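Thanks for coming. I'll take a few minutes on one helix and the aromatic rings around it.

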Amino acid sequence: MAEPVMGPVTTILIGALLIAAGLFFASRIAPWMGIIFAIAGVATILVGMIMLFGLAHEKK
């Protein structure tokens, strides 16, 4: 069984991947798609950070 901290870390990494995909799409294919991917990536990273803070407060 994975540690509970792996969920938020995976979420943050997926957000970084979405931002990278957004940069690729913005420079190569469609700027509007890049903007959407970048916004989704930032939102995903924020969710991962909130999950990490929730775990930190839960362990006290």
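First, a term: a residue is called buried when its relative accessible area is under 20%, exposed when it is over 50%, and partly exposed in between. Also keep in mind that this is a predicted model.

Start with helix H1, which runs over residues 6-28. H1 has 23 residues and spans 33 Å from its first C-alpha to its last, close to the 33 Å expected at 1.5 Å a residue.

Which residues in H1 are buried? They are Pro8, Thr11, Gly15, Gly22 and Phe25. Helix H2, residues 31-58, is among what covers them.

Now the rings. How many aromatic pairs does a search of the whole structure find? It finds two.

One is Phe24 with Phe25, with ring centres 5.8 Å apart. Their planes stand at 65°, and the cut-off for edge-to-face is over 60 degrees, so this pair is edge-to-face. Phe24 is partly exposed, because its relative accessible area is 44%, whereas Phe25 is on the buried list.

The other pair is Phe25 with Phe37, whose ring centres lie 5.1 Å apart. The planes here are at 45°, so the pair counts as tilted. This pair links distant parts of the chain, with Phe25 in helix H1 and Phe37 in helix H2, 12 residues apart. Phe37 has a relative accessibility of 25%, so Phe37 is partly exposed.

Put together, Phe24, Phe25 and Phe37 make one aromatic cluster. That is what I have on the rings.

Note on methods: Residues numbered from 1 in each chain as written. Predicted model: local features only at pLDDT ≥ 70, side-chain atom pairs only at ≥ 80, totals over all residues. Heavy atoms only, no water. Helix = DSSP H or I, 4+ residues; strand = E, 2+ residues; numbered from the N terminus. Expected span 1.5 Å × (residues − 1). Buried < 20%, exposed > 50% of the residue type's maximum accessible area, 1.4 Å probe, protein only. Contact = heavy atoms within 4.5 Å. Phe/Tyr/Trp six-rings, centres within 6.5 Å; stacked < 30°, edge-to-face > 60°.
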